[in-house]
2 protein chains.
Amino acid sequence: MPHDLLIRNVRPMAGPATDVLVRDGKIAVVGHRLSPVAGMMVEEGGGDLLLPGLVEAHTHLDKSLLGQPWYTNTVGPRLLDKIDNERLNKRRLGMDPYQQSFRQTVQSSRLGSTHIRSHVDVDTDHGMWGVEGIMQMRQDCHDIIDVEIVAFPQSGLLRRPGTLALMHEAMKLGAEIVGGLDPCAIDRDPKGHLDAVFGLCQTYGKALDIHLHEPGEMGAFSTDLIIERTRALGMRGKVTISHAFCLGSPDRDLIDPLIEQLAELDIAIMTTGPASRPAPPVKKLLAAGIRVCSGSDGIRDTWGPYGNGDMLERAMFVGLRNNFRRDDEMALAFDVVTGEGAKVMELAGYGIAVGCNADLLIVPGESVADAIVSRSPLRRVIKRGQVVARNGVSILKAP
Amino acid sequence: MPHDLLIRNVRPMAGPATDVLVRDGKIAVVGHRLSPVAGMMVEEGGGDLLLPGLVEAHTHLDKSLLGQPWYTNTVGPRLLDKIDNERLNKRRLGMDPYQQSFRQTVQSSRLGSTHIRSHVDVDTDHGMWGVEGIMQMRQDCHDIIDVEIVAFPQSGLLRRPGTLALMHEAMKLGAEIVGGLDPCAIDRDPKGHLDAVFGLCQTYGKALDIHLHEPGEMGAFSTDLIIERTRALGMRGKVTISHAFCLGSPDRDLIDPLIEQLAELDIAIMTTGPASRPAPPVKKLLAAGIRVCSGSDGIRDTWGPYGNGDMLERAMFVGLRNNFRRDDEMALAFDVVTGEGAKVMELAGYGIAVGCNADLLIVPGESVADAIVSRSPLRRVIKRGQVVARNGVSILKAP
């Protein structure tokens, strides 16, 4: 049940101070010296920034080890080492998808995210364990966040027979997006992999969000095959390529024609701003009109120890990776973790204008760039018009 | 006046819990169930990690805008744009070196650093303003930190006549290290620049720490010239190359012979773990026996908005840049911000063994890697045997 809420003395996007009246979970009025009616909640902004809720557009809620004893990582260097290590140890480590995703979701929410797109593992060892756990969690966490599920064949789609049938099952169960992974490097059958995932999209009328770690020429080849299918199947605006390291290649003759077609077909790009890999050039993609979102990827999991779900920190990583220094550049990094993410997730009513859903973040700072570089813990998070976290403490307690 | 201090129930380097007795500013005893004598201070560790004080081996204390109104950055893209913008605006922006360095030093100390090497601008517009300010500051901050000064010709040594004379003046005034900068790219006279800075080293019997942003072949050429002079002048172990982006070149035929000679001449490397530039391969350098340190570089200055002086966060950046994921790799990132930094700065008595200086950090965490990725604000910092910061609050207040 959404509350009516008067937020006083906040600075939307670091603009002049104002008041914001929230009614039925939506922004009803923005103006000066609004008066509360009897019984209305009042939140004193104290001159803090008012920002739209952060959009966590790429994570793996079922992988986190948050709240578990420290995991000593001794895993080998290849992508397949990490994939196999995780699949073989999930149950042993007690990585219950409901519990772990709940922990990460509360963590994300209390740091300001109001929307999550989560890839969820679908494999022959675990079946629907992940998807079912996340679906239960998102029901229980509905008050604090919206979660979208990508059915994700992490261990490969074709190299492990039976996985495709499970992908069908996941889509029937309620996954909203079809996932995929490195058609050349992991499944070693780009035509087979891409025909399968695009086929799933066609069968269930859903969008695609495919992991593509493949670098350079190989990644460009896979991108080209994705473009070809997106065009042929009329899936303009319905495809996201996550990571897309290949777009960080310095070979402009290879990359520029791809960027042109990505723009034409409105194919979105997700980048974490990875420091150790080539990365998509965010400013160039945005200038071409391509939607660019970001995400935490795995947080504190068997893949690596990093991450905390803070999408303001993620904006910093995107900024650092793209050598953003000027305030107008920092604004691009902020867009990536807010409005651009909302466009990728096709969120209706996102923003801080009248009529938008009251999914908001109140945080101290002098400017939008300051919010990113200072990352104050004194955040207040509003979801559906209700304050759901204050100074790092959520209204929900994870199991 | 150093205090006697009993630190109870801490885990040195995440090992078994123990007590540590500090006497006259040095670690006197490490053992179980030590008893305080009358009047001795007692610090209850509560099972937290005990780590050596963090080493900030590359920063610019005179550049920070900490505590100033937000600086809206609209600076051009070239290195020279940033250099000129800063020099022309320093006084206008109120960047008093004493005040600003004091602010950053307190910030560094409260986050766990116990030693700082700071480059300090020497140029014809500001003369000794920077060096004098930092020297006054380090006297006033002596209780909480040790600061080493590098005389740094930020605006170029030869391209701005009069700068070399000021470098002499800075060394006479008390700078401990000779600095330098991009012999090709900035001064456009590699022989002239390097002869001048090595000449300063010879005249004053001091070590060299030279900024080298030059990429690829150009940077390799400058590195080769530095190696040549280090060898010819018998300066083994007395040279640090900061940034050394060229060592991140993928051309092994270019880089491997350089690494071999850097090791032979014990030339140290400083890397910030830069996400947007090629970076020295930390694991490979350490394996070759090369000392590798790190630093925050500029914090919240006219060059860019990032940074907070947290050397645990810097270890994270080094880890992310080098794709460190395993615990044994995270230990390397930790070494870089502690023991390796101490070796570069030639700190006597550094460490957490009996007899070492009691320059320590107490921080919650399950493992060393956890300290890096969690970066708890609940830190206690000990300098010369005295608790100088607790939960982010320093015993000193910056002006």
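View 1. Val150(B) stands opposite Ile177(B), which belongs to β9(B). The two strands concerned, β8 (residues 146-152) and β9 (residues 177-181) of chain B, pair in the parallel sense over 2 bridges, where two strands are said to pair if DSSP finds at least two bridges between them. Strands (E, at least two residues) and helices (H or I, at least four residues) are DSSP runs, numbered from the N terminus. The model is predicted, so that local features need pLDDT of at least 70 and side-chain atom pairs count only at pLDDT 80 or more, whereas totals for chains, interfaces and linings use all residues. Residues are numbered from 1 along each chain as its sequence is written, and chains are lettered from A and ligands numbered from 1 in the order in which they are written.

**View 2. The open sheet of chain B.** In chain B, 8 strands form an open sheet with parallel pairing, in the order β6-β7-β8-β9-β10-β11-β12-β13. Because β6 (54-59) and β13 (292-293) of chain B stand at the edges with a single partner strand each, one side of each is left without a neighbour in the sheet.

View 3. Leu21(A) lies in strand β2 (residues 18-23) of chain A. Leu21(A) counts as buried because it has 22 C-beta neighbours inside 10 Å, the cut-off for buried being 20 or more other C-beta atoms within 10 Å, with C-beta atoms placed from the backbone. Apart from its neighbours within four places in sequence, Leu21(A) is in contact with Leu6(A), Ala28(A), Val29(A) and Leu34(A), contact meaning that the C-beta atoms of two residues, placed from the backbone, lie within 7 Å. The C-alpha atoms of Leu21(A) and Arg8(A), 13 residues apart along the chain, are separated by 8.4 Å.

**View 4. The two domains of chain A.** Chain A is divided into domain 1 (5-52 + 351-390) and domain 2 (54-344), with bounds from an automatic or database domain assignment. Their centres, taken over C-alpha atoms, are separated by 30 Å, and 17 residues of domain 1 of chain A are in contact with 22 residues of domain 2 of chain A. On the side of domain 1 that touches domain 2, α12(A) gives the most, with 5 residues.

**View 5. The side of chain B that touches chain A.** Here 26 residues of chain B are in contact with 26 residues of chain A. The helices α9 (311-321), α10 (327-336) and α12 (368-374) of chain B each supply at least two residues of this side.

Definitions and conventions
A residue is buried if 20 or more other C-beta atoms lie within 10 Å of its own, exposed if 12 or fewer, and partly exposed in between; C-beta atoms are placed from the backbone.
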